[in-house]
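Keep the sequence and the structure open side by side while reading.

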Amino acid sequence: MTDAKKIKIALAGNPNSGKTSIFNALTGAHQKVANFPGVTVEKRIGHRRFNGYDITLVDLPGTYSLTAYSPDEKVAREFILEEKPDVVINVIDSGSLERSLYLTTQLIEMGVDLVVDLNMWDEICEAGIEIDVDKLSLLLGAPVVKTIGSRGQGVESLLESALVLAQNGQKIHHHPPVSYGPALDDLVNQLSGCVSACSGCSGCGQPRWLAVKLLEGDQEIKNKVLVPGNGVRELHETLDKSLAHLKKTTRDDPEIIVSEGRYGYVAGIIREVLKRPLTDRMRISTQADNILTHRLLGYPIFFIIMWLIFEATFVLGQYPMDWIDSGVGWLQAAVAGILPATIWSNLIVDGIIGGVGSVIVFLPNIVILFLGIALLEDSGYMARAAFLMDRLMHFLGLHGKSFIPMLMGFGCSVPGIMAARTLESPRDRILTILLVPLMSCSARLPVYLLFAGAFFGATAGTVIFSMYLIGIIAAIAMARILQKTILPTETTPFVMELPPYRMPTGKSILIHMWDRSKLYLHKMGGVILIASVVLWALGYFPRKTEFSIAYDTRIAQLQSGATESGDAADMAGEIARLENLKSAEELEYSYIGRLGEAIDPFVSPLGFNWQMGVALVPGFIAKEVVVSSLGVLYQMGETEDIGGLIEVLRHPEEGITPLAAYAYMIFVLLYTPCIATVVVIRKEIGWKWMWFSTVMQLILAWGGAFIIYQGGKLLGWG
Amino acid sequence: MWGMNRHRHRAGVTRPRVIQEGQLILSDLRPGQKGKVISFNGNGPVRRRLMDLGIRCGEIIEMVRLAPLNDPLEINLNGGHITIRRSEAALVNVEVLGDSQA
């Protein structure tokens with residue numbers, strides 16, 4: 001159908017108003033997540049065909065107001081002003097009508113075509129709260145629709161109202177102007193007159209709204225409106241006079257006075273339409289919180305819930321990860337069996353199939369983790385988690401909600417960093433994302449197991465534990481430093497709602513999981529794949545043709561039994577030994593090997609031998625690759641069994657001291673996160689922070705290992 | 001400004017500061033106690049945010065509970081529950097209401 005008329009509808013509302021459930025009910029799975037240009041605020045766009053209309057729905061970030069102070073509010077406001085949606089649906093939690101109408105009045109003033117959606121209608125019915133819908137509609141001058149978003153009830157009539165409005169616009173509804181009380185209204189009227197007469201203001205928005213914003217001292221609107229032109233001088237003068245008048249008559253900021261006036265207006269509406277019984281709609285939630293945020297029980301319950309999510313994500317997730325791993329391995333073997341051994345088959349098998357494998361291997365983690373996070377968010381427990389953890393996280397200059405991404409970092413940095421999306425403030429998100437890779441992820445454990453096993457015997461457990469501790473200490477130190485320097489503690493307030501506990505719905509959780517998985521595969525998967533192929537190429541090229549021994553000839557001779565034969569087992573062992581020698585020489589010869597050798601001068605002050613140095617480079621693919629690379633370099637092959645490797649490392653000839661081993665573990669803990677993490681950081685917070693994170697961690701790792709090794713030597717431990 | 005608030009907050013923690021007879025800062029209310037908002041200590045983003053959430057003069061606030069580490073706090077405003085840091089609650093002056101008025 002090409003004749004379908006296009007309509008753009010935006011959803012605005014407070015956080016926790018059930019806006020997302022309405023959005024999901026309206027669009028189903030036909031939605032995508034993007035960021036608003038230039039900011040890390042999520043923009044969800046969906047499509048719907050309805051009554052011959054082609055409707056685009058945009059879910060604006062949840063806000064309480066529409067000032068220019070927080071990125072969320074700015075984005076929502078700019079969208080309404082610049083993109084001029086045909087209709088704005090204002091989703092309201094019917095249970096907190098008063099606070100919601102505070103935003104509604106601002107939308108009305110902006111002159112949008114508004115449909116008011118009283119969501120969660122079932123909750124107020126249960127609580128015995130009564131709202132006079134017809135009267136509310138009359139007072140606001142906007143259609144009012146009752147919905148139950150979680151069950152999808154009423155969303156059709158919501159769309160119908162929106163379409164009627166889009167067709168007829170202001171003709172059928174007239175918004176009575178928001179009144180701020182007689183004293184303020186005079187000022188607003190005067191100013192709004194000047195705004196109408198001012199040439200620079202035309203097209204900036206509704207005069208009355210602009211007048212109010214000017215009174216509030218909104219810098220963005222000032223910059224927009226107070227530009228040279230006809231009538232701007234009068235406007236300036238009137239504004240200054242009004243502000244001087246306000247200053248004389250009250251002691252509050254004009255902003256607060258406007259706010260008070262707005263609440264006064266809302267209170268008037270509330271008196272007319274709302275009948276509230278004496279019961280507390282939070283009664284059940286409060287009882288639940290008596291236990292869930294109890295002084296003594298709160299933390300144990302919180303940690304049990306965290307433990308469950310962590311275990312589900314990484315222990316349960318291990319099964320599908322193993323299947324993916326063996327599936328990829330099987331496919332690689334199968335393809336290698338079919339294709340003749342050339343560069344191309346190697347590219348397909350190790351580069352592409354291996355690369356795809358390294359992308360999808362994270363998927364089980366991401367799906368399960370975001371199932372957990374969706375449950376926490378939709379049930380209302382996430383706000384309680386922030387309530388419980390805020391005191392501790394605030395010490396790091398972070399928000400209570402930062403705890404979950406950090407915790408997930410112990411499993412894997414990739415889902416941990418993605419989990420930071422639950423943080424609203426961009427500054428908190430950046431700081432959290434920078435700290436997540438310092439949490440020792442599970443890929444680093446094999447390296448610890450190898451070196452602690454080789455050099456610390458009975459105390460290996462304590463040594464490994466100390467790595468986790470050092471990661472946390474490094475994170476605390478980094479947080480304190482960043483907070484004092486480039487990421488100063490914001491004045492962003494913590495104040496937030498603790499919504500009533502609600503039963504999450506399957507649909508919204510599935511959509512949430514699907515969103516994240518799609519986001520990961522779509523936005524990050526491709527880059528991770530390319531990066532993996534590049535890393536493969538660096539490990540594969542240049543090809544070595546001349547070896548110290550003619551391995552291929554020797555192996556061929558052995559296979560054909562042309563040499564003086566021992567028994568079959570000896571022969572197989574000899575072939576394996578030769579192949580291991582060959583791959584060691586190949587790795588040394590490759591770009592990765594050369595890079596590893598080039599960095600030798602940098603790592604030798606840390607007590608690492610050249611093999612240890614070289615192995616750090618492929619560790620960028622994934623940190624556990626350090627172990628298999630050491631296996632190759634020590635001519636053991638990519639063995640799963642680290643017993644042999646432990647023997648070799650321990651050999652006095654290698655000259656690795658326990659101190660150097662410890663320094664190496666520190667280095668592996670702290671150095672540049674793996675390629676997948678780096679890509680995710682880049683996608684979440686941009687190039688600048690990606691480089692910052694990479695370089696910062698290299699410095700941290702080198703510095704840490706240097707202090708441990710050289711300091712330890714000075715103390716005579718080496 | 002932030003530093004100033006923090007300073008206030010520390011002063012508030014050591015001992016309840018009586019502004020006038022029967023007046024406290026919000027962070028000094030005990031769980032279960034109710035207070036009527038009478039004024040604010042200062043302006044700025046936190047004040048604005050409090051305003052957005054409906055914390056303004058004349059409103060009655062009940063202290064519901066403290067987090068296990070005594071910060072943040074949970075308050076009840078018109079039946080809706082809000083969590084607020086101690087330093088933020090220190091901006092709000094309240095008049096303590098007796099149980100009979102509550």
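Between which helices of chain A is the loop that holds A:P542?

## Cis peptide bonds

This is a predicted model. A:P542 sits in the loop between α23 (506-540) and α24 (551-560) of chain A. The peptide bond from A:F541 to A:P542 is cis. Its omega is near -10 degrees. Most peptide bonds are trans.

Chain B has a cis bond too, joining B:D71 and B:P72. Here omega is about -5 degrees. B:P72 belongs to the loop between β3 (60-66) and β4 (73-77) of chain B.

## Positive phi in chain A

Most residues other than glycine have a negative phi. A:K84 has a positive value, near 45 degrees, and is not a glycine. A:K84 lies in the loop between α2 (71-83) and β5 of chain A. Is A:K84 buried or exposed? The cut-off for exposed is over 50% relative accessible area. A:K84 has 55%, so it counts as exposed.

A:M120 is also not a glycine, and its phi is positive at about 55 degrees. Look for A:M120 in the loop between β6 (114-119) and α4 (121-127) of chain A. Buried means under 20% relative accessible area. A:M120 is at 10%, so it counts as buried.

## Strand pairing around β1

Strand β1 (residues 5-13) of chain A pairs with strand β4 (residues 53-59) of chain A. The sense is parallel, and there are seven bridges. A:K5 has A:Y53 in β4(A) as its bridge partner.

β1(A) also pairs with strand β5 (residues 87-93) of chain A. This pairing is parallel as well, over five bridges. In β5(A), A:V87 stands opposite A:I9. In a regular strand the side chains alternate between the two faces of the sheet.

## A nonpolar surface patch

Which residues make the nonpolar surface patch of about 400 Å²? They are A:I338, A:L339, A:I348, A:I352 and A:V356. Helix α15 (residues 343-360) of chain A gives the largest share, three residues.

A:I338 is placed in helix α14 (residues 318-338) of chain A. Its relative accessibility is 70%. The cut-off for exposed is over 50%, so A:I338 counts as exposed.

## Domains of chain A

The domain assignment divides chain A into domain 1 (3-172), domain 2 (182-275), domain 3 (291-484) and domain 4 (543-589). How many Å separate the centres of domain 2 and domain 3 of chain A? Taken over C-alpha atoms, the separation is 49 Å.

## Chain B at a glance

Chain B has three helices and six strands. From the N terminus on, the order is α-β-β-α-β-β-β-α-β. The cis bond of B:D71 and B:P72 falls in the loop between β3 and β4 of this chain.

Chain B has 102 residues, and 58% of them count as buried. The accessible surface of chain B is about 4200 Å². Carbon and sulfur atoms account for 47% of that surface.

Definitions and conventions:
Residues are numbered from 1 along each chain as its sequence is written. Chains are lettered from A and ligands numbered from 1 in the order in which they are written. This is a predicted model: local features need pLDDT of at least 70, side-chain atom pairs count only at pLDDT 80 or more; totals for chains, interfaces and linings use all residues. Side-chain values use heavy atoms; hydrogens and water are left out. Patches are made of residues with over 30% relative accessible area and no salt bridge: like charges are joined within 9 Å, nonpolar side chains (Val, Leu, Ile, Met, Phe, Trp, Tyr) within 5 Å. Accessible areas come from the Shrake-Rupley method with a 1.4 Å probe; for residues, only the protein chains shown count as cover. A salt bridge is a side-chain nitrogen of Lys or Arg within 4 Å of a carboxyl oxygen of Asp or Glu. Helices (H or I, at least four residues) and strands (E, at least two) are DSSP runs, numbered from the N terminus. Buried means under 20% relative accessible area, exposed over 50%, partly exposed in between (1.4 Å probe, protein chains only). Two strands pair if DSSP finds at least two bridges between them. Domain bounds come from an automatic or database domain assignment.
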